[in-house]
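Please read the sequence and the structure below side by side.

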Amino acid sequence: MDTGVENTATTSAPPKVENGTPSAITIEEFEDLASLSKDDEASVSITIVGASGDLAKKKIFPALFALYYEDCLPKHFSIFGYARSKMTDAELRDMVSKTLTCRIDKRENCSEKMEEFLKRCFYHSGQYDSETDFMELGKKIKEHEGSRVSNRLFYLSIPPNIFLDVVKCASRSASSENGWTRVIVEKPFGRDSESSAALTRGLKQYLVEDQIFRIDHYLGKELVENLSVLRFSNLVFEPLWSRQYIRNVQLIFSEDFGTEGRGGYFDSYGIIRDIMQNHLLQILALFAMETPISLEAEDIRNEKVKVLRSMKPLQLEDVVIGQYKSHTKGCITYPGYTDDKTVPKGSLAPTFAAAALFINNARWDGVPFLMKAGKALHTKQAEIRVQFRHVPGNLYKGAFGTDLDRATNELVIRVQPDEAIYLKINNKIPGLGMRLDRSNLNLHYAARYSKEIPDAYERLLLDAIEGERRLFIRSDELDAAWELFTPLLKELEQKRTAPELYPYGSRGPVGAHYLAAKYNVRWGDLSSED
């Protein structure tokens, strides 16, 4: 498969003319001009493998339409759906049209744009392990590319057990001959260190690392991408970003619904693999990394890897797991996890987990990073909470009584829903007396910005098309993440550790509170103020 490295110009560059006199032009300037011309004549063909699945219908096609609607896609592009289901181009377009919305800025020409977009969508039915079928797909793509430079992007929206079959067939029979070929791989990237390494070795039989775009859609969320901007472009935060001023960091993910018929997939992975090992750990690495030498993808990913490799091995005593049980609220009875018919009876798969992690470096030594993720909880949210240390010798501690936590400054980055960044500060209540309360300095995105926030898949698809790898996961990052969690996962499974039961719609297992208290921490999302 083509490595995506463009050929450099071998012909000598023509002279540059200044005031009627030729002058030298550098090779770099000539290549820039040549690449602009090449990009204008290039085509981009996006193939969604597994086009009939939910992810494709609900996320990938709508994200591509949003990019087209905003004029972010290249001039010459085509979209191909590939799956085993028998379907015509018209049937694909009808299926896709039901999930497209004109949510961005509510412009009047939405229906016209939708029709134009659907005309660029095509379908090819085939088996995932058939080189012949992929060869036919390649021919169909070539018909639309014509004589232009061929750039091809494959999105693997399929189960991981058929990744290698598809990559093998696509690389041999449907890759670009004169442009780049890239492959987006959806999680899960294995179940542990061994399976992840085997998957990486398999992919690299047919691809080089720069062609593989391992997607974690949480890295494409607006507030996660803003994390480094907040820290590195505001002088007020960077000096505080260390053990000297930060008491603990909390990474919280919760959903207010259970597996609800999708337990078969979830049961084989559990909440630790599904959320903690990737989404939350990636956010932690971005939060804790040192200042990269530039915003180039490799420089940022190098710093993230350093954080992951500096982490203290996870101990079982620093982890709490739970599983939701049936609960009746009012007239409604919510089913427990094992009541789901797609879940094996007696399953011990955790639907909730909390963990205390530590980074063994000079900046973060001794600071607990508390992770919490769960299903069927009381609310749906994802946020980062930074609790600062108490003010030494606080003159106003009498106004807060003996509960010093009430006087602690806290920075909250709400990733979803209702995106916001707010800082809790202590403030005097207006009046003649000296009464204090906690107030929020609040950047509420919906109130501050009129433009709707793009979906994470829009940003990540655009980055993949443009070759921007900053928000995608490198193989050594993945290895380091699995090295941290694999020993814990194996110990839990070997000991058949029973999860603590918690009612559907509750705040999770009591054990999570004891874990936080062990490090003199309170979960910020459970306070009365929130």
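Ser 43 is buried, because its relative accessible area is 3% and a residue counts as buried when that value is under 20%. The model in which this is seen is a predicted one. Ser 43 has its place in strand S3, which covers residues 42-49. If its neighbours within four places in sequence are left aside, Ser 43 is in contact with His 76, Glu 145, Arg 148, Val 149, Ser 150 and Asn 151. Ser 43 and Arg 152 are 109 residues apart in sequence, and yet their C-alpha atoms are 8.2 Å apart in space.

| Helix pair | Angle | Distance between axes |
|---|---|---|
| H8 (residues 222-232) and H10 (residues 270-288) | about 15 degrees | 9 Å |
| H10 and H11 (residues 297-309) | about 105 degrees | 8 Å |

How are H8 and H10 directed, roughly parallel or roughly perpendicular to each other? They are roughly parallel, because their angle of about 15 degrees falls under the cut-off of 35 degrees. In passing H10, helix H8 makes a right-handed crossing. On the side of H8 the residues that meet H10 are Val 224, Leu 227 and Arg 231, and on the side of H10 they are Ile 283, Leu 286, Phe 287 and Ala 288. Sorted by kind, the residues of this contact of H8 with H10 are six nonpolar, no polar and one charged.

For H10 and H11 the angle of about 105 degrees lies in the range of 65 to 115 degrees, and therefore these helices are roughly perpendicular to each other. Here H10 contributes Leu 281, Gln 282, Leu 284, Ala 285, Leu 286 and Ala 288, while H11 contributes Ile 300, Lys 304, Val 307 and Leu 308. The residues of the contact of H10 with H11 divide into eight nonpolar, one polar and one charged.

The aromatic rings are the last topic. A search of the whole structure finds 22 aromatic pairs, and one of them joins Tyr 265 and Tyr 269, whose ring centres are 5.1 Å apart and whose planes stand at 35 degrees, which makes the pair tilted. Of these two residues, Tyr 265 is partly exposed, with a relative accessible area of 40%, whereas Tyr 269 is buried, with a relative accessible area of 15%. One aromatic cluster is formed by Phe 266, Tyr 324, Tyr 334, Tyr 337, Phe 352, Tyr 502 and Tyr 504.

How values were computed:
Residues are numbered from 1 along each chain as its sequence is written. This is a predicted model: local features need pLDDT of at least 70, side-chain atom pairs count only at pLDDT 80 or more; totals for chains, interfaces and linings use all residues. Side-chain values use heavy atoms; hydrogens and water are left out. Axes are lines fitted to C-alpha atoms, for helices over the stretch in contact, and angles run from 0 to 180 degrees between N-to-C directions. Helices (H or I, at least four residues) and strands (E, at least two) are DSSP runs, numbered from the N terminus. Angles under 35 degrees count as roughly parallel, over 145 as roughly antiparallel, 65 to 115 as roughly perpendicular and the rest as oblique. A crossing is left-handed if the near helix is turned anticlockwise from the far one by less than a right angle, and right-handed if clockwise. Contact means heavy atoms within 4.5 Å. Ala, Val, Leu, Ile, Met, Phe, Trp, Tyr, Cys and Pro count as nonpolar, Asp, Glu, Lys and Arg as charged, and the others, Gly among them, as polar. Rings of Phe, Tyr and Trp (its six-membered ring) pair if their centres lie within 6.5 Å; planes under 30 degrees apart count as stacked, over 60 as edge-to-face and the rest as tilted. Buried means under 20% relative accessible area, exposed over 50%, partly exposed in between (1.4 Å probe, protein chains only).
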